[in-house]
Each structure stands twice: as structure tokens, then as C-alpha cells.
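Could you have a look at this one with me?

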Amino acid sequence: MHAITIPEPGGPEALVWAEVPDPEPGPGEVLIDVRATAVNRADLLQRQGNYAPPPGAPAYPGLECSGEVAAVGAGVTGWEVGQPVCALLAGGGYAERVAVPAGQVLPVPAGVDPVDAAALPEVACTVWSNVAQLAHLSRGETLLVHGGGSGIGTFAIQLGKALGATVAVTARSGKHDALRELGADHTIDYREQDFVEEIRSATGGRGADVILDIMGAAYLPRNVAALATGGRIVVIGMQGGRKGELDLGALMAKQGTVASRALRSRPVEQKAEIVRGVREHVWPLIESGKIRPIVDRRIPLAEAAEAHRLVESSDHLGKVLLVRG
Ligand SMILES: NC(=O)c1ccc[n+]([C@@H]2O[C@H](COP(=O)([O-])OP(=O)(O)OC[C@H]3O[C@@H](n4cnc5c(N)ncnc54)[C@H](OP(=O)(O)O)[C@@H]3O)[C@@H](O)[C@H]2O)c1
């Protein structure tokens, strides 16, 4: 088969379409004939040599895919050859075929284009596990999503609204109209406005009950300042650095929580549990039309370098798909 390989880390040109050995499904695995995959921010780090795949994961980038079941390994039940599926991967989506633990496979939700389904597994699993399961976002609460225009952000807006929350986002101003259409109640231009002041004024001084953060160190003190009493900050990205200063006094005064999770390196059993939760609670929201995949554009898989340039510029909204053929 062919895959996007990274012979030497570097810029987008480091991505090379090459012939590689076909994967075989091991016991408990499903082999997927990939129709589409999606670019995640983590893929850019992997390409630069800053985010190695976890042990046992395929060497090629790609944290999710959609396609059809090509074969099933020993002991797999519930999946049949030819069935349209999508899957959460630890890597290897930028390829014609990928083998994945059966617990990370999901059916294509009814009503969703099978190609667009490649935009769902990573964001659905990340946002569900962090915002709903970990931070327990509840009806009537306020969710602040940093990077509302990202793949993660566009999904978080929709899930937050579906869970009955008020949703505020930070994003560059050119994306605000689209994010309001997706359901965002408050849009904050992080380049021009102070999100702490804005979230306070939007909540009558209370602050955000849950903050989904992708900026890490750069936003840590301001996230604590923006938090409501009893609020929960979940850090899932470090785009603004990994070492920050945390004022524990300020956090305690708010009875606050700071948590963080990385999906890719979690054990297979934990991923399977998250995928089960997503199938039970999130898939129905997609099938009823409350949440939809937000696809900026489709780019041929062999031209992955172009897709990486686009995502690096952040000129996209939602997800950029890489499609075969
Ligand atoms: N921990 C996990 O398990 C996990 C899983 C998946 C993703 N993630 C993380 O989630 C983040 C989003 O991933 P993605 O693939 O969806 O990314 P993406 O589509 O490439 O989006 C990145 C976003 O960062 C935003 N941004 C840049 N500077 C900002 C700032 N100062 N304030 C607010 N937003 C800012 C950009 O917004 P503008 O375009 O508006 O400038 C852009 O929308 C990444 O950091 C990724 O590593 C973590």
C-alpha cells in the first residue's frame, strides 16, 4: 500500500507519499480500507519530530479515519467486511489501510457522508471525555472554549449547546460569524479583547464553569481569573507553552480544579471505554442533527503537505480532510 511517510522530520515538504508494507490485523483488530483521514494539530508536531507515536502505533501520522472494513482479526465480533466505519487511531491514518483495535471503531453515524465521518472520531472522543466525563459540564453552566474555530473548538461549541450550556469562544474575529452560526453565544477576539473581562461581563461577573483550554502556560493565570466558583479548567493543548505559573491561592479561593488529559497515549482499554461513551451519548446527537462534522475542505491524501500548510496558518475552520483517490 501507500502511506504518507516522514523520512526526516521537518516542514510540510517532509511528508512523502511512498510505498510501504501492508498492515495485517492482529487479534482483536480491524483492518480498515481508508477513504479519508483528517489533519490534527498533533500531526504537525509529529512531522516536526516533536511528537513520536506511542509504542506499538503505526509510524505514519493520522489519528482518525473513515473507510470500510477490509478484514477482521481473530476474536473480533460486531464488525463485518465491507461495513462503512470510522475510527480513533493512535497513528497510521495517512495511509491506504490501517489496523486498529476493534474497540476504537465506530459506525458511520446515520445521515453523515462517509468521507466527512473522518472528521469525527478525534474531536468527539476528546471533547466528550474532557468536557462531559471529566469536567461534568451541566445544563445552565457556561463553557469557555479557547480556539473556537479549531477542529476541537467547532465540535465543543456544538456539544456544549447540546448539553444545555452557554458557550463562549475565543477566536480571531474573521471566524466569529461562523462560530455564532454553530451556536456560540459569545465570541471573543483574543487578539483585541481580554477574555477574562469578556467572560465576566457575559456571565454577570461569575466567570466560566468549565474552560476547555488549548493554550497551556500562556493562558493559565488568566484561565484561573476567568473561572467561576467551583469551576473546572481542562488543559488539552500547550500551544502557548508547557510551563506556567499557577496561583494556588486564587484557585483554592474559587474551589477550582485544573486537570489535563492526552487522548493518544491512553491505554487501549480506556480508549475503548471513551469510544463506547461517544457511541452511546454523542452519536445520537449527530444522528439527530444537533451536531455535524465541520469540514473546511477536502485535499487529496498524497498532497498532505498542502493540508499541513493550511492548518499551520490556522486559516481553516473546523477540520481539513485528506481523501484518497
Ligand atoms: N489532549 C488531547 O487529547 C488532545 C486531542 C486533540 C487535540 N488536542 C489539542 O487541541 C488543540 C486543537 O486541535 P485541532 O487539531 O482542533 O487544532 P486546529 O484546528 O489546528 O486549531 C488550532 C487553533 O488554535 C487557535 N489559537 C491560536 N492561538 C490562539 C490564542 N492565543 N487563543 C485562542 N486560540 C488560539 C487558532 O485559532 P484562530 O484561527 O482563531 O487564530 C486555531 O483555531 C491543539 O492544541 C491540540 O494539540 C488535544
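Below are my points, starting with the sheet and ending with a few single residues.

1. A word on the source before anything else: this is a predicted model. Please read each point below with that in mind.

2. Six strands form an open sheet in the order β10-β9-β8-β11-β12-β13, and their pairing is parallel. The edge positions belong to β10 (186–188) and β13 (257–260); each has a single partner strand, so one side of each lacks a neighbour in the sheet. Direction ignored, neighbouring strands here are turned by 15° against each other on average.

3. Helix α3 (residues 151–162) packs on this sheet, where it touches β8 (142–146), β9 (166–170) and β11. The direction of α3 makes about 165° with that of β9.

4. Next, two of the strand pairs. β8 and β9 run parallel and are joined by five bridges, with Thr142 standing opposite Thr166 of β9. Strand β11 (residues 208–213) pairs with strand β12 (residues 227–235), also in the parallel sense and over five bridges. Here Leu212 has Val234 in β12 as its bridge partner.

5. Is β8 covered or open? The strand is mostly covered, as five of its five residues are buried. In a regular strand, side chains alternate between the two faces of the sheet. Along β8, Thr142, Leu144 and His146 point one way, while Leu143 and Val145 point the other way; all are buried.

6. Now the ligand. Which residues are closest to the ligand? They are Lys175, Tyr190, Tyr219, Gln239 and Leu263, out of 26 residues that surround the ligand. For Ser150, the distance from a backbone N or O atom to an oxygen atom of the ligand is 3.3 Å. On its own the ligand has 930 Å² of accessible area, and the protein covers 90% of that.

7. His176 is worth a click. This residue belongs to helix α4 (residues 176–182). Its relative accessibility is 11%, under the 20% limit, so His176 counts as buried. Apart from neighbours within four places in sequence, His176 is in contact with Ala171, Thr187, Ile188 and Asp189.

8. Glu312, in helix α9 (residues 304–313), makes a contrasting case. With a relative accessible area of 31%, Glu312 is partly exposed. Not counting residues up to four places away in sequence, Glu312 touches Pro12, Arg41, Leu44, Arg47 and Gln48. Glu312 and Arg292 are 20 residues apart in sequence, and their C-alpha atoms are 24 Å apart in space.

9. Lastly, two backbone angles to check by eye. Gln255 has a phi near 50°, a positive value in a residue other than glycine. This residue sits in the loop between α7 (248–253) and β13 and is exposed, with a relative accessible area of 57%. Ser314 also has a positive phi, near 60°, and is likewise a residue other than glycine; you will find Ser314 in the loop between α9 and β15 (319–323).

Key
Residues numbered from 1 in each chain as written. Predicted model: local features only at pLDDT ≥ 70, side-chain atom pairs only at ≥ 80, totals over all residues. Heavy atoms only, no water. Helix = DSSP H or I, 4+ residues; strand = E, 2+ residues; numbered from the N terminus. Buried < 20%, exposed > 50% of the residue type's maximum accessible area, 1.4 Å probe, protein only. Contact = heavy atoms within 4.5 Å. Pairing = 2+ DSSP bridges. Axes fitted to C-alpha atoms, helices over the stretch in contact; angles between N-to-C directions. Near = heavy atom within 4 Å. Polar contact = N/O pair within 3.5 Å; in protein donor to acceptor, adjacent residues only side chain to side chain. Areas by Shrake-Rupley, 256 points an atom, 1.4 Å probe, with all protein chains shown as cover.
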